[in-house]
Amino acid sequence: MQRIEQHACFGGTQEVWQHASSTLDCPMKFAVYLPPQAARGPCPVLYWLSGLTCSEQNFIQKAGAQRYAAEHGLILVAPDTSPRGDDVADDEAYDLGQGAGFYLNATQQPWAAHYRMHDYVVNELPALVDAHFPTTTARGISGHSMGGHGALVIALRNPGRYRSVSAFSPIVAPSRVPWGGKAFEAYLGSDRDSWKQWDACELVRAAAERLPLLVDQGGADEFLQEQLRPELLRDACAASGHPLTLRLQPGYDHSYYFIASFIGDHIVHHAAALVE
């Protein structure tokens with residue numbers, strides 16, 4: 001690994017690292033915030049998954065999460081949203097290809113060669129983080145929009161791996177909205193049954209673990225009705241008895257102004273489960 005950025009921040013350090021990913025077969029970057037407590041001993045880790053068009057930079061520059069992570073002693077890890085590089089398949093549209101990995105394992109060409117973000121986030125990235133930084137075994141996961149979808153799906157698919165999960169404006173039912181339909185058709189093919197394993201509303205119905213879900217959604221979000229549809233997650237959780245706290249925040253949109261306004265609440269939610 002090579003460290004390419006380091007900045008003092010709230011008594012700790014904000015860093016960006018680059019490495020050669022064996023899972024994605026390309027170079028990858030990820031951001032790590034080390035709180036001041038990490039200088040004294042191991043800390044739990046909160047993974048953050050960003051949304052469409054984003055990289056590892058959006059969260060660390062705009063969310064203001066470092067202040068709260070420093071207060072509670074959490075390491076923050078934010079990977080890029082997709083594989084990158086000249087040899088990596090791409091598309092001219094913003095919602096497919098590089099910057100739009102959807103945190104799944106693609107099965108269709110040309111995407112299958114590199115687009116395995118689920119395995120990267122669940123396996124390769126934590127192994128690197130645990131090997132190079134002072135971590136405990138406690139992990140949480142969160143994200144925004146496409147990354148909110150990723151956080152929910154990854155937590156639901158991997159019972160016992162995460163102690164906490166939350167999301168901002170997640171795509172809760174990608175099988176039933178345009179963003180998800182386009183990406184799933186490209187990455188997974190036309191068999192809609194195969195899509196269910198990457199859809200939070202489908203997964204929650206048969207979840208082996210009742211990990212409480214915290215979801216914040218802006219009431220003025222321009223994507224609320226067509227792409228996000230949080231009521232579908234509410235109904236799925238109600239039908240299966242899965243614990244969900246769904247908060248509709250009036251007046252807030254889809255931007256990082258929304259995330260910055262409530263990230264402190266999410267850090268507290270994760271710290272309660274992660275900090276011993």
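Modeller: On a 1 Å grid over the protein atoms alone, a pocket is an open set of points with protein on both sides within 12 Å along at least five of seven lines. A cavity is a set of points where a 1.4 Å probe fits but cannot get out, and lining residues have an atom within 4 Å of a point. This is a predicted model, in which local features need pLDDT of at least 70 and side-chain atom pairs count only at pLDDT 80 or more, while totals for chains, interfaces and linings use all residues. Residues are numbered from 1 along each chain as its sequence is written, and side-chain values use heavy atoms, with hydrogens and water left out.

Colleague: How much space lies in the largest pocket?

Modeller: The lining of the largest pocket comprises 13 residues, and L52, T53, H144, S145 and H254 lie nearest its centre. By class, these 13 residues divide into six nonpolar, six polar and one charged. With volume taken as the space filled by probe spheres set on grid points joined across faces, edges and corners, the largest pocket holds about 190 Å³.

Colleague: What volume does the largest cavity have?

Modeller: The count comes to one cavity of 30 Å³ or more. Its lining consists of A155, L156, P159, A207, A208, E209, L211 and L213, with seven nonpolar, no polar and one charged residues. The volume of the largest cavity is about 50 Å³.

Colleague: What is the bridge partner of V32 in strand 5?

Modeller: Strand 3 (residues 26-34) and strand 5 (residues 75-79) run antiparallel and are joined by four bridges. Within strand 5, V32 has as its bridge partner V77.

Colleague: Which residues does the cis peptide bond join?

Modeller: The loop between strand 5 and helix 3 (117-132) contains P110. With omega at about 5°, a cis peptide bond joins Q109 and P110.

Colleague: What positive phi does S169 have?

Modeller: S169 sits in the loop between strand 7 (164-168) and helix 5 (178-188). Although S169 is not a glycine, its phi is positive, at about 45°.

Colleague: What radius of gyration does the protein chain have?

Modeller: The C-alpha atoms fill a box of roughly 50 × 40 × 35 Å along the principal axes. The radius of gyration is taken over C-alpha atoms, and the globule rule is 2.2 Å times the number of residues to the power 0.38. For 276 residues a compact globule would have a value near 19 Å, with which the protein chain agrees at 17 Å.

Terms used. Nonpolar A, V, L, I, M, F, W, Y, C, P; charged D, E, K, R; others polar. Pairing = 2+ DSSP bridges. Helix = DSSP H or I, 4+ residues; strand = E, 2+ residues; numbered from the N terminus.
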